[in-house]
Amino acid sequence: MPAKRIPADHGAAAVTAALAGATDRTTVATAARYLLQALADAVPGNSVEVRVPPFGAVQAIEGPRHTRGTPPNVVETDAATWIDLATGRLSWADAVAAARVSASGSRADLSDVLPVRWD
């Protein structure tokens, strides 16, 4: 069953609040999930799994699809880092250099698809 979509106005409000410093779990979770949704919409596919535990994960970017076990291309980060990456506050290169993101696999470089359009 597909995940329930976050309406654009609700998601954008959560992202705006998170960028303004809101740290409550509901706002951060909604912002992170909405930005994951925006990524999957912008670059659909199944070759890279982007994880923001405990809030969500999506598959994105065209390429080979995995069907069992751990996918070969995985990006994982915390919610604050994901929000910064997805909105352009933090560059991919800086996040990787600071070990704020874990990326494994030949397709797990998101620098060409970030930031995502969310507003």
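Is Glu49 buried or exposed?

1. Glu49 is buried, at a relative accessible area of 15%, in what is a predicted model. Its salt-bridge partner Arg51 has closest N and O atoms 2.6 Å from those of Glu49. Arg51 is partly exposed, with a relative accessible area of 23%. A network of salt bridges links Glu49, Arg51 and Glu76.

2. The structure holds five salt bridges. One of them joins the side chains of Arg100 and Asp84, at 3.6 Å from N to O. This pair links distant parts of the chain, 16 residues apart: Asp84 belongs to helix α3, and Arg100 to the loop between α4 and β4 (101-104). Arg100 counts as partly exposed, at 32% relative accessibility.

3. Arg117 and Asp119 also form a salt bridge, with the closest N and O atoms 3.8 Å apart. Arg117 is exposed at 69% relative accessible area, and Asp119 is exposed at 64%.

4. The largest nonpolar core has 38 residues; Leu35, Leu39, Val50, Val75, Trp82, Leu110 and Leu114 touch the most other members. Elements that each supply at least two residues include α1 (8-19), β1 (48-52) and α3 (79-87). The most come from α2, with nine residues. Leaving aside residues up to four places away in sequence, Leu39 touches Val50, Val58, Ala60, Trp82, Val113 and Val116.

5. The largest pocket holds about 310 Å³ of space. Of its 14 lining residues, Ala3, Lys4, Arg33, Gln37 and Val58 lie nearest the centre. Two or more lining residues come from each of α2 (25-42) and β2 (56-60), and α2 gives the most, with five. The lining divides into eight nonpolar, two polar and four charged residues.

Note on methods. Residues are numbered from 1 along each chain as its sequence is written. This is a predicted model: local features need pLDDT of at least 70, side-chain atom pairs count only at pLDDT 80 or more; totals for chains, interfaces and linings use all residues. Side-chain values use heavy atoms; hydrogens and water are left out. On a 1 Å grid over the protein atoms alone, a cavity is a set of points where a 1.4 Å probe fits but cannot get out, and a pocket is an open set with protein on both sides within 12 Å along at least five of seven lines; lining residues have an atom within 4 Å of a point. Grid points are joined across faces, edges and corners, and a volume is the space filled by probe spheres set on the points. Helices (H or I, at least four residues) and strands (E, at least two) are DSSP runs, numbered from the N terminus. Ala, Val, Leu, Ile, Met, Phe, Trp, Tyr, Cys and Pro count as nonpolar, Asp, Glu, Lys and Arg as charged, and the others, Gly among them, as polar. A nonpolar core is a set of buried Ala, Val, Leu, Ile, Met, Phe, Trp, Tyr and Cys residues joined through side-chain atoms within 4.5 Å. Buried means under 20% relative accessible area, exposed over 50%, partly exposed in between (1.4 Å probe, protein chains only). Contact means heavy atoms within 4.5 Å. A salt bridge is a side-chain nitrogen of Lys or Arg within 4 Å of a carboxyl oxygen of Asp or Glu.
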